[in-house]
Amino acid sequence: MFCSILDLIMVPQHFSHGPTFLVIVETKDKLLSPTVLSILNALYWGCFGASMAVFAVHFVYRWLVVSENRLLQTFNGWKICLWFSIPVWYGVTWVCTGYILCGPNENTSRFIKDNIKEVLGLEFNEYTYLGPFLYDKDENGTDVVYVAPFIGLGIISGTICSSIVIVLTFGILCYIRIKNIVVTTVNSLKMRSLQRQLFFALVIQTLVPFLLMHIPVALMFAFVFLDIDLGVYSAIVSMTIAIYPAVDPIPTLVIVENYRKTIIYWICCCKKAAHVPGQTTIEPTRFTTLPPSGLELDLDN
């Protein structure tokens, strides 16, 4: 969500050129100074890094709920601050990495300014950027490795990998646990149907952050390591980050029958209301079948 808000404020552009990957912010005709825009750019990095940790904590919480693990009590009282601190530390790590280790420097500016002018039509004084420039060739054709950006890219790659591992691990554990609940403990046909819906919603909700957040950025970093120039196609990362908050709740709303019927009912009633003069209120139907205690927290949060 915060990434999307910063998108609206500064309109960052992702750009890849050879062994460098940049987040560019235009400074021309902006109310904010280049320095402030650079800080906001770093915060944009931090919000993305924090979201990696949020995914991980979210799936750990889901597993604790469905398994009724005693560690679920750590989400009550002051101990929940420990869980909330994990995204904060991830975010601070990304902010420091982007602003300090991957900040603007003479070598990066010299390497990218001509290409950005050709592709994006921006003069060097019309934008600011953050991003790692990994290596270059000197006059003799020898590879020159820039250590700080390499360390920076390694750090943020590590946070992404840790998020992927945790989401996959606890997603699979939730998958197994809910499957066992459906098979062994649910006797009512309605409850079994509901559990199956929650089960499939979990699978789809696991795939959404992978497809829109983890995979695009991981592929972009891989292309940087391999010195593959993507140019304007790097903008796909900006698009996937921006649409993720809107796409994330859709699987639950579509797959869970009660939610789906309510949405269809409201759509149909709104269409009818447009043709009925004087109609001001609509009373929605009430569905009495609810998820069992605990499992609704698993997929509705």
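Buried, in this presentation, means under 20% relative accessible area, exposed means over 50%, and partly exposed covers the range in between, with a 1.4 Å probe and protein chains only. The structure is a predicted model, in which local features need pLDDT of at least 70, side-chain atom pairs count only at pLDDT 80 or more, and totals for chains, interfaces and linings use all residues. Residues are numbered from 1 along each chain as its sequence is written, and side-chain values use heavy atoms, with hydrogens and water left out.

Let me start with helix 3. Its buried residues are Trp83, Pro87, Tyr90, Gly91, Trp94, Thr97 and Gly98. Helices here are DSSP runs of H or I with at least four residues, strands are runs of E with at least two, and both are numbered from the N terminus. An α-helix has 3.6 residues a turn, so residues three or four places apart point the same way. Helix 3 covers residues 80-101, 22 residues in total, and spans 31 Å from its first C-alpha to its last. That is close to the 32 Å expected at 1.5 Å a residue, where the expected span is 1.5 Å times one less than the number of residues.

I turn to the protein overall. The fold contains ten helices and five strands. Of its 301 residues, 41% count as buried. A contact is defined as heavy atoms within 4.5 Å. Among contacts with a separation of 6 or more, 74% join residues 24 or more positions apart. The accessible surface comes to about 16,500 Å², and carbon and sulfur atoms hold 68% of that area. These areas come from the Shrake-Rupley method with a 1.4 Å probe; for residues, only the protein chains shown count as cover.

Next, the charged pairs. How many salt bridges does a search of the whole structure find? The search finds three, a salt bridge being a side-chain nitrogen of Lys or Arg within 4 Å of a carboxyl oxygen of Asp or Glu.

One of them joins the side chains of lysine 28 and glutamate 126, at 3.9 Å from N to O. Lysine 28 lies in the loop between strand 2 (20-26) and helix 2, and glutamate 126 in the loop between helix 4 (106-119) and strand 3 (127-130), so this pair ties together parts that are 98 residues apart in sequence. Lysine 28 is partly exposed, at 47% relative accessible area, whereas glutamate 126 is buried, at 16%.

Another salt bridge links aspartate 136 with arginine 110, with 3.6 Å between the closest N and O atoms. Because aspartate 136 belongs to strand 4 (residues 135-137) and arginine 110 to helix 4, the pair ties together parts that are 26 residues apart in sequence. Aspartate 136 is buried, with a relative accessible area of 15%, and arginine 110 is partly exposed, with 43%.

There is also the salt bridge between the side chains of lysine 117 and glutamate 123, at 3.5 Å from N to O. Lysine 117 is partly exposed, with 45% relative accessibility, and glutamate 123 is partly exposed as well, with 36%.

As for cysteines, a search of the whole structure finds zero disulfides, a disulfide being a pair of cysteine sulfur atoms within 2.5 Å. Cysteine 96 is partly exposed, at 38% relative accessible area, while cysteine 174 is buried, at 0%.

Two individual residues deserve mention. Glutamate 68 has a positive phi of about 55° although it is not a glycine. This residue sits in the loop between helix 2 (34-67) and helix 3, and it is exposed, with a relative accessible area of 66%.

Phenylalanine 223 is in helix 6 (residues 189-225) and is partly exposed, at 26% relative accessibility. Its C-alpha atom is separated by 9.5 Å from that of histidine 17, which is 206 residues away along the chain. Which residues does phenylalanine 223 contact, leaving aside neighbours within four places in sequence? They are Gly18, Ile228 and Leu230.

I close with the surface. Ile250, Leu253, Val254, Tyr259, Ile263 and Ile267 form a nonpolar patch, with about 470 Å² of accessible area together. Patches are made of residues with over 30% relative accessible area and no salt bridge; like charges are joined within 9 Å, and nonpolar side chains (Val, Leu, Ile, Met, Phe, Trp, Tyr) within 5 Å. Helix 8 (250-255) and helix 9 (257-273) each supply at least two residues of this patch. Tyrosine 259 is located in helix 9.
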